[in-house]
Amino acid sequence: MTARLTYRTIIYVLLFALSAFYLLPIYVLVITSLKSFQEVNVNQMWNLPHGLNFASFTTAWFGGEGFTGLSGNFWNSVQLVIPATFFSALFGAINGYVLSKWKFRGSDTLFTLFLFGMFIPYQSILIPLIQTLQTFHLYGSILGLIFVHIVYGIPITTLIFRNYYATVPSELLEAAKIDGATFLGIFRHIMLPISLPGFVVVTIWQFTSIWNDFLFGVMVTSSPSVQPITVALNNLAGSLSVAWNIQMAGALMAALPTMLIYVFLGRYFMRGLLAGSLKG
Amino acid sequence: MAEQTITVGEKPRRAAATPRVQRRRWSRHFNGDRILSLLLLSPSVIAIGIFVYAFIGYTGYVSLVKWNTFTPDYTFVGLSNYLRLFDTERFRIDLGNTFTFTVFFLIACLVLGFILAVLLDQHIRGEGIFRSIFLFPLAISFIVTGVAWRWLLNPGDPTNGITGINLLFDQVGLGFLKNGWYTDPNIGIKAVVIAATWQMSGYVMALFLAGLRGIPEDLREAARVDGANEFQIYRHVILPLLQPITLGAVIILGHISLKIFDLVVSMTGRGVAFSTDVPALFMFDITFQAQAYAVGAAVATILLLSVAVLIVPYLLYNVRTEAER
């Protein structure tokens, strides 16, 4: 009995200690961002703030002396993430439907070729990508960034939908075909009505990865006025004149949308994550 | 298929007529629908064909030409850009850093992820809350992680005093653990491993936990009946069964560590004497700052090949096992 109690105690102590490690950065982000400018002192980094002070948030959002706030970039990210997520999900649904239920010779090979696009280091397509975007006058615009995210989102959205639709029994589709249902009819009346969980998983996954993207943001946009929030946050944090409490407030604001999604829809976020390791 | 629609009580004439009508209708739909399905798939096929494969081919081509100034110059120069690259000290340091990063990152994530999964598998009260705590870093941008950890691992300076983790160590009496973190060239990229592990170990935990939950209780019970203790059960029953998951995790994490860019940029940048520099960042600098496009393309091609060596066998294996299922 005592041995069991000791064993349980050790497990919980370990769990709490490890939780502290994972919560540490968030703790520091929150307490620092709530400090007033007078309180921000490197030697008192771990001390709690004296009362709640939201000045860092307003400064990080609206800007201050020598730097632009993140508000514009936050809205750039919003404008970017909504259409990019929507269209990559739509393409994924169509591709997933065709590649799972309308297979043809070579369709599995084609699917594998799609999947490879998910893993490539984007450096290996960057030079021609920028040249192409410049040719079509899409370089340096939010529209260009949306386009890039749609294209490179296709592999993962196709994967999630294909695995999802693969669970729909083929007998159901055969029966519908015999009843005269067409390609679009089956999609509209059988697949779409049961697609909601698939769309939720894909939407959350794409929203999170597009919101968190930095590489495309920094490569495709050069002017601060069109940069997404991750790029702006990196610039803000890189500037020595910006105090720590403002940097931390900015980081929290950049993290907020995906954190909210995680808190409320974590279950679906996990499914997207596990789909990324190809195990459906 | 037609036979299935014939029921016992039906008249022979109708039964004979049914398949013909259906086949005709079926094939008509088949053709029109087949064309439509390919038509709807084609934009994605074209997009992936151009933006992934043609672009990779083009980058590979650029790595073999003379284009190392602002103006494109497509004179073929063979492998000289690669030779120049391996002669560049910064690139050699980067390769070493990538190796160090990959090894430490993989070990840290696998060990920590496995420990977390095993702890959570002990019928824990509040399992959902703990799981959420270990997983939430995955939802955050590497940039946010970098900004937070840059401060946490900031050793401070003589004028302002010590700060970050070092200060915490001092305050709780662990002062001997203080060090320069990423500002110390001997630690360098290993400091970035801490932040990367903080972010990605939850992923490994999720994979292992799903694996543990998939192992039937009967197997553990049988081992217990045979007199194995809990440790032996993990060592001899569970770990071997988790091997495919471990391999998958190694491949996914390995390819992330080869590509790592965002976290380094936001947390440390190139570091003292390039001690935190990585090939992805070097590619960015040499291509878009120094405008040595061909050399940049060579770095990109090496990155791609190293990722492909990991990923292609994994993809083929996944497709084959799925086909067998």
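Hi everyone. Before we start, a quick definition: helices, of at least four residues, and strands, of at least two, are DSSP runs numbered from the N terminus. One more thing to keep in mind is that this is a predicted model.

Let's begin with chain A. It has 12 helices and two strands. Along the principal axes, its C-alpha atoms fill a box of roughly 75 × 70 × 30 Å. Of the 280 residues in chain A, 49% count as buried.

Now, how do the two chains meet? The contact takes 68 residues from chain A and 80 residues from chain B. On the chain B side, helix 2, residues 12-62, gives the largest share, with 20 residues. That side has 55 nonpolar, 21 polar and four charged residues.

Next, the core. Which residues touch the most other members of the largest nonpolar core? They are L233(A), A251(A), V192(B) and V299(B), out of 175 residues. Helix 8 of chain B, residues 189-214, provides the largest share of this core, 16 residues. If you find A251(A) on your screen, leaving aside residues up to four places away in sequence, A251(A) touches L29(A) and L233(A), along with V144(B), V147(B) and A148(B).

Last stop: helix 7 of chain B, residues 164-171. Here G164(B), I165(B), N166(B) and L167(B) are buried, and the buried residues of this helix pack against helix 6 of chain B. After helix 7 comes G173(B), with a positive phi near 80°.

Methods:
Residues numbered from 1 in each chain as written. Chains lettered and ligands numbered in written order. Predicted model: local features only at pLDDT ≥ 70, side-chain atom pairs only at ≥ 80, totals over all residues. Contact = placed C-beta atoms within 7 Å. Nonpolar A, V, L, I, M, F, W, Y, C, P; charged D, E, K, R; others polar. Buried ≥ 20, exposed ≤ 12 C-beta atoms within 10 Å, placed from the backbone. Core = buried A, V, L, I, M, F, W, Y, C linked by C-beta atoms within 7 Å.
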